[in-house]
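Dear colleague,

Please find below the sequence and structure that I am handing over to you. My notes on what was found follow directly after.

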Amino acid sequence: MKPVKGKAAVNKVSKDALKTVNDRKVGKSSKPPSKKVGAAKKDPNKPKRPPSAFFVFLEEFRKTFKEKHPNVKGVAAVGKAGGEKWKSMSKSEKAPYEAKAAKKKTEYEKVMTAYNKKQASRTDDADEESEKSKSEVHDDDEESGEEDDEDEEDDEDEDDD
């Protein structure tokens, strides 16, 4: 078989290159951009989740790191140094931070139970109010319907006169 020269050879190579891309256009997604539908709004009164043992450690580490390296302003540099230090620590060195994190978690659970009870009572109150308002509306309709019937009877009586 003879090797093909000229433009035909270039076209053959480019077609083979396109086949490896699985006939997709590079840089374009086949999915349309998704919109978040029905995303619940966050309650500003909801308690924040407790920090993990690593974040409890990082709070203290930031202070010492800033004292030793006052020129370093980047958050990423502090986080990276803190992560390396955390990985190099033994379990016994991590224990006090894990204990603090566990204590914060129990406090958070207590606050969350109180918050959930408060939310449940609010929804119960809202349900009762909505039921009352529905019944009031129906009562008003029934009363106005009866009055209309009486008015019609009065009108008929007047016509007789």
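Predicted model: local features only at pLDDT ≥ 70, side-chain atom pairs only at ≥ 80, totals over all residues.

The expected span is 1.5 Å times one less than the number of residues in the helix. Within α3, the residues V78, A81, G82, G83 and W86 are buried; buried means under 20% relative accessible area, exposed over 50%, and partly exposed in between, with a 1.4 Å probe and protein chains only.

Residues are numbered from 1 along each chain as its sequence is written, and side-chain values use heavy atoms, with hydrogens and water left out.

Confidence and overall layout

The pLDDT is the predictor's confidence in each residue, from 0 to 100. Its mean over the chain is 76, and 54% of the residues reach 70 or more. The chain holds four helices and zero strands, in the order α-α-α-α along the sequence. Of its 161 residues, 12% are buried. Among contacts (heavy atoms within 4.5 Å) with a separation of 6 or more, 76% join residues 24 or more positions apart.

Helix α2 has 16 residues and reaches 23 Å from its first C-alpha to its last, close to the expected 22 Å. This helix bends by about 25° at F61, where the bend is the angle between axes fitted to the seven residues ending there and the seven starting there. Its buried residues are A53, V56, F57, L58, F61 and F65.

The largest nonpolar core consists of twelve residues: A53, V56, F57, L58, F61, F65, V78, A81, W86, M89, Y97 and A101. Such a core is a set of buried Ala, Val, Leu, Ile, Met, Phe, Trp, Tyr and Cys residues joined through side-chain atoms within 4.5 Å. Helices α2 (53-68), α3 (75-88) and α4 (91-160) each supply at least two of its residues, and α2 gives the most, with six. In soluble globular proteins, nonpolar side chains tend to be buried together. Leaving out residues up to four places away in sequence, W86 touches A53, F54, F57, K94 and Y97.

K100 belongs to helix α4 and E60 to helix α2, 40 residues apart. K100 is partly exposed, with a relative accessible area of 40%, and E60 is partly exposed at 33%.

Y108 is also in helix α4. Its C-alpha is 6.9 Å from that of R49, although 59 residues separate Y108 and R49 in sequence. Apart from neighbours within four places, Y108 is in contact with P47, K48, R49 and P50. A102 lies in helix α4 as well, and its C-alpha is 8.8 Å from that of P50, 52 residues away in sequence. A102 is partly exposed, with a relative accessible area of 41%.

Yours sincerely
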